[in-house]
Amino acid sequence: MYKDKLIDLNYNREEILNIAKEAVKKEGEAVAKLVNYIDENFLKALELIINCSGKLIITGVGKSGHIGGKIAATLSSTGTPAFYLNPAEGVHGDIGVVMEEDLIIAISKSGETEELLAILPYPKRIGVPIIAVTENKESSLSKIADITLLIPSECEVCPMNLAPTTSTTLTLVLGDAIAVALMKAKNFTPEKFAIFHPAGSLGKKLKKVKDLMTDISDLAVVDENEIVIKALDQMVNFSSLGSRGVCLFKDKNNNITGILADGDLKRLLLKYPDLVNKRCYEIMIREPKRIKHDSFAFEALQKMENKYSFLLVEDENNNIIGVIHFHDILKGKVI
């Protein structure tokens with residue numbers, strides 16, 4: 001019975017594809033026009049948000065509410081804590097969450113949404129600034145607001161020009177513009193971003209080298225004047241500590257002068273049959289690539305350039321404190 005209800009698109013496939021393409025084209029054109037609406041009022045709104053000592057509350061009804069929730073989520077994850085307030089709940093007591101030190105962003109395409117306007121007199125009465133987002137600068141919302149951020153008045157791509165489509169896209173893009181401008185103004189760093197995204201792929205990509213590296217205390221460190229068999233012996237002894245089959249070499253002043261991995265030893269054995277009796281300084285890799293411990297793991301991956309399987313890790317004083325191996329990055333699920 002379900003199959004009987006399916007619509008065969010074959011008879012008008014090209015027409016439907018063209019409708020979809022036209023919708024994308026029209027929304028893109030509308031977004032391009034939004035650039036001309038980023039003006040002094042936008043800067044004034046940013047100043048209000050940055051100087052807000054309380055909560056940033058975003059409110060709107062219906063599709064505007066859904067967009068408001070997304071904007072609040074984006075702001076919160078990029079250093080500007082915000083939350084969404086449903087006007088329908090607001091008129092039944094939730095408006096009491098608003099305090100004098102707060103700030104409201106109210107979203108309405110027409111600027112005449114009754115449920116939204118119904119909750120604004122109270123915050124206005126206690127002196128809470130209101131930023132309006134609307135396409136109607138003469139609307140009731142604009143008149144009650146302290147600052148109005150306009151979006152272009154464009155036809156919805158809905159064939160009946162009814163369902164919020166273009167207008168919600170414009171509002172969402174405006175919200176993104178606010179978020180990224182605030183990130184710049186607040187110097188929101190990748191480190192801060194990582195704090196707010198501890199899980200998921202974003203958090204993993206922002207792990208630091210120091211979170212994944214093998215500490216030097218868990219690595220074999222051998223005098224560069226020792227014979228290779230000594231280095232092999234130490235590498236075997238340290239293998240249970242997750243040393244990744246790496247051996248570091250030091251000079252008489254305990255400075256790290258070189259490194260070798262078990263893969264290097266295999267290749268060298270083909271070249272030098274008497275490898276185990278050679279001095280370590282003769283065959284070690286001198287001046288291996290380094291990376292700072294507070295660098296991001298993805299930066300270490302970039303530095304490896306598909307040529308190196310490990311990097312020396314150094315602290316802020318350029319002291320070697322460990323090694324990060326390609327497999328450490330894999331294990332940390334950075335890629």
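**Sheets, a helix and some rings**

Guide: Strand β13 (residues 320–325) is joined to β6 by 2 bridges, and these strands run antiparallel. This is a predicted model.

Visitor: Which residue stands opposite Gly322 in β13?

Guide: Asp215 stands opposite Gly322.

Visitor: What sheet do β6 and β13 belong to?

Guide: An open sheet of 4 strands, in the order β6-β13-β12-β11, with mixed pairing. The edges are β6 (214–215) and β11 (290–292); each has a single partner strand, so one side of each is left without a neighbour in the sheet.

Visitor: OK. What is the strand order in the open sheet of 5 strands?

Guide: That order is β2-β1-β3-β4-β5, and the pairing is parallel. At the edges stand β2 (82–85) and β5 (147–150), each with a single partner strand, so one side of each has no neighbour in the sheet. On average, neighbouring strands here are turned by 20° against each other, direction ignored.

Visitor: How many bridges are there between β3 and β4?

Guide: There are 4 bridges, pairing β3 (residues 103–107) with β4 (residues 130–134) in the parallel sense. Ala106 stands opposite Ala132 in β4.

Visitor: Which strands does helix α2 lie across?

Guide: Helix α2 (residues 40–50) lies across β1 (56–60), β3, β4 and β5. The helix runs at about 125° to β5.

Visitor: Switching to α12. Which of its residues are buried?

Guide: In α12 (residues 228–238), the buried residues are Val228, Ala231, Gln234, Met235 and Phe238. Viewed down the axis of α12, they fall within an arc of 120°, so they line one face of the helix.

Visitor: And what do they pack against?

Guide: The buried residues of α12 pack against strands β7 (220–223), β8 (246–250) and β9 (256–261), and against helices α13 (262–271) and α14 (280–283).

Visitor: Now the rings. How many aromatic pairs does the structure hold?

Guide: The structure holds 1 aromatic pair. The ring centres of Phe296 and Phe298 are 5.6 Å apart and the planes are at 5°, so the pair is stacked.

Visitor: Is Phe296 buried or exposed?

Guide: Phe296 counts as buried, because its relative accessibility is 7%. Phe298 is partly exposed, with a relative accessible area of 31%.

Visitor: What lies over the face of Phe296?

Guide: Lys208 does, at 5.2 Å from the ring centre. Over the face of Tyr272 lies Lys278, at 4.7 Å from the ring centre.

Key: Residues are numbered from 1 along each chain as its sequence is written. This is a predicted model: local features need pLDDT of at least 70, side-chain atom pairs count only at pLDDT 80 or more; totals for chains, interfaces and linings use all residues. Side-chain values use heavy atoms; hydrogens and water are left out. Buried means under 20% relative accessible area, exposed over 50%, partly exposed in between (1.4 Å probe, protein chains only). The arc is that of the directions from the helix axis to the C-beta atoms. Contact means heavy atoms within 4.5 Å. Two strands pair if DSSP finds at least two bridges between them. Axes are lines fitted to C-alpha atoms, for helices over the stretch in contact, and angles run from 0 to 180 degrees between N-to-C directions. Rings of Phe, Tyr and Trp (its six-membered ring) pair if their centres lie within 6.5 Å; planes under 30 degrees apart count as stacked, over 60 as edge-to-face and the rest as tilted. A charge sits over a ring if NZ of Lys or CZ of Arg is within 6 Å of the ring centre and within 35 degrees of the ring normal.
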